[in-house]
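Here is a quick, friendly briefing to read alongside the model.

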Amino acid sequence: MSDTADTSTDAAARKTAAAKASIAASAVLTLAKLAAGLASGSLALISEAGHSAADVAATVLTYVAVRQAEKPADEKHHYGHGKVESLAALIETGLLFGLALVVAGQAAQRLGDTDVEIDAGWPVFAVLILSIVVDFARARRLGAVAEETQSDALAADALHFTSDLVSSALVIVGLAATRAGFAQGDALAAFGVAVFIAIAGYRLGRRTVATLLDAAPQELVPQIQDILRAAPGVIAVESLRLRTAGPMVMGEAVIGVARTLPLERAARIKEDANAAIIRAIPGAQITLATRPIALDDETVLERILLVAARRRIQVHHIIAQTVGERLSITLDLELDGGMSHGRAHQIASDLEQAIREEFGEAIEIDTHIEPSEPQLLTGQDAEPQTRRAIADALARHAARGGKVVNVHDVRARETGEGLVVNYHCCVDPQLSVDATHAAVDEVERAVRGEFPNILRIAGHAEINDHS
């Protein structure tokens, strides 16, 4: 099993364990508060018991939602089941608002009663203090697990129990006021409980509705944009769309890359950018697309080669010049020697039109069509005396020019089309590319004169460290 799968399984186990513990704690506290409330006659405490009963239903719902949300994507749910948690949180929001209305209504009715007797002995206060301690402990635990696993349902539970803690404290204050002779203290405490329940419902509902409506997680948008911009090869972030589904962050982004890059390099840029996102936000699923962008510093040669590469044709010996304010381009186009000239002329015309679209209709362009060399020849090593003769000729003509030295690694292969010769030599590292090419080309022309059956001769110029 992969590390990602192990992490996902561990997160699911932690969420399930936290939900089970929450159910048990809610059930025990509900019974204790209800018993104490009925025994004392405290509306605030009975309301708090109702709050805890709603929490029991909510935590059961959370447990079911957590288990459902872990199911993998299928034919009907291509993006998985993560939003089940958000749906559960929305139902919990409804429970909270409903409970807040009931408690507020009962509190309003109690305010009008003058003959209400409340017997708030030490068992009542003990139950409330125990409730505060338990709520504090499980709110912290659930909050930590929710943050680690990005669980909406567990976050809803953590918020519930934080509100429970505050409302229990209000009940204690109300009962204490009642014992001190303020008869309406219990009813006012019940109002306070209702307010806190409603506030918790609003906070939870706002977050849940945003998730269900695919609202972009605003805290993640700039973070992911910065990650993409910092990725090697990314020129710009053209667009970014994000949404959440339970603990998962999903979305699409379009990044700009240099249009002169080969497809393999563009694919690598996407892979590296995606890996950077996942390192920062584990589990994120961002689909990246690339858009080729023309850079301001592209040369004429790069632009022509790009146009040809898009058509999978080979061009070389490109000459570009400005004549007045007009651009003039001449190039050689390599095509299959067995192709009909009519077909070859059509390919050349299409290439010329594509180049005009790249540079503008006012350019002047001439294409020279020549047969391409065979792509795959069958060869074998030439006779040793032939190889030695060619090596001697290369060394002799190199010495005559003086710029090419140390001819070595000479290889000569016989093919059906003629000899193919490869060799290495050394030149002064300060020599320009033009001068190096001219010097090597001069040696090769001289050797061709002695060996007319050479089909191709190619020299690799290395740096002469002893120059």
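Isoleucine 277 touches Ile224, Ile227, Leu228, Ala284 and Ile286, leaving aside residues up to four places away in sequence. Keep in mind that this is a predicted model.

**Nonpolar cores**

- Ile277 is among the residues with the most contacts inside the largest nonpolar core, along with Ile224, Leu228, Leu242, Val249 and Ile286.
- That largest core has 22 residues.
- Two or more residues each come from helix H7 (221–230), strand S1 (236–245), strand S2 (248–258), helix H8 (263–280) and strand S3 (285–293).
- As background, nonpolar side chains tend to be buried together in soluble globular proteins.

- Val195, Phe196 and Ile199 make a nonpolar surface patch of about 240 Å².
- Ile199 is found in helix H6 (residues 185–212).
- With a relative accessible area of 41%, Ile199 is partly exposed, because values between 20% and 50% fall in that class.

**Salt bridges**

- Eleven salt bridges turn up in a search of the whole structure.
- Glutamate 358 and arginine 303 meet through their side chains in one of them, at 2.9 Å from N to O.
- This pair links distant parts of the chain, with glutamate 358 in helix H10 (residues 341–359) and arginine 303 in helix H9 (residues 300–310), 55 residues apart.
- Is glutamate 358 buried or exposed? At 18% relative accessibility, glutamate 358 counts as buried, while arginine 303 counts as partly exposed at 23%.
- Arg259 joins Arg303 and Glu358 in a network of salt bridges.
- The side chains of arginine 413 and aspartate 381 also meet in a salt bridge, at 3.0 Å from N to O.
- Here too distant parts of the chain are linked: arginine 413 sits in strand S8 (residues 405–415) and aspartate 381 in strand S7 (residues 380–381), 32 residues apart.
- Arginine 413 is partly exposed at 32% relative accessibility, whereas aspartate 381 is exposed, with a relative accessible area of 58%.
- Which residue forms a salt bridge with glutamate 450? The partner is arginine 396, and the closest N and O atoms are 2.5 Å apart.
- Glutamate 450 lies in helix H12 (residues 433–450) and arginine 396 in helix H11 (residues 384–401), so this bridge ties together parts that are 54 residues apart in sequence.
- Glutamate 450 counts as partly exposed at 38% relative accessibility, and arginine 396 counts as partly exposed at 37%.

Notes:
Residues are numbered from 1 along each chain as its sequence is written. This is a predicted model: local features need pLDDT of at least 70, side-chain atom pairs count only at pLDDT 80 or more; totals for chains, interfaces and linings use all residues. Side-chain values use heavy atoms; hydrogens and water are left out. A nonpolar core is a set of buried Ala, Val, Leu, Ile, Met, Phe, Trp, Tyr and Cys residues joined through side-chain atoms within 4.5 Å. Buried means under 20% relative accessible area, exposed over 50%, partly exposed in between (1.4 Å probe, protein chains only). Helices (H or I, at least four residues) and strands (E, at least two) are DSSP runs, numbered from the N terminus. Contact means heavy atoms within 4.5 Å. Patches are made of residues with over 30% relative accessible area and no salt bridge: like charges are joined within 9 Å, nonpolar side chains (Val, Leu, Ile, Met, Phe, Trp, Tyr) within 5 Å. Accessible areas come from the Shrake-Rupley method with a 1.4 Å probe; for residues, only the protein chains shown count as cover. A salt bridge is a side-chain nitrogen of Lys or Arg within 4 Å of a carboxyl oxygen of Asp or Glu.
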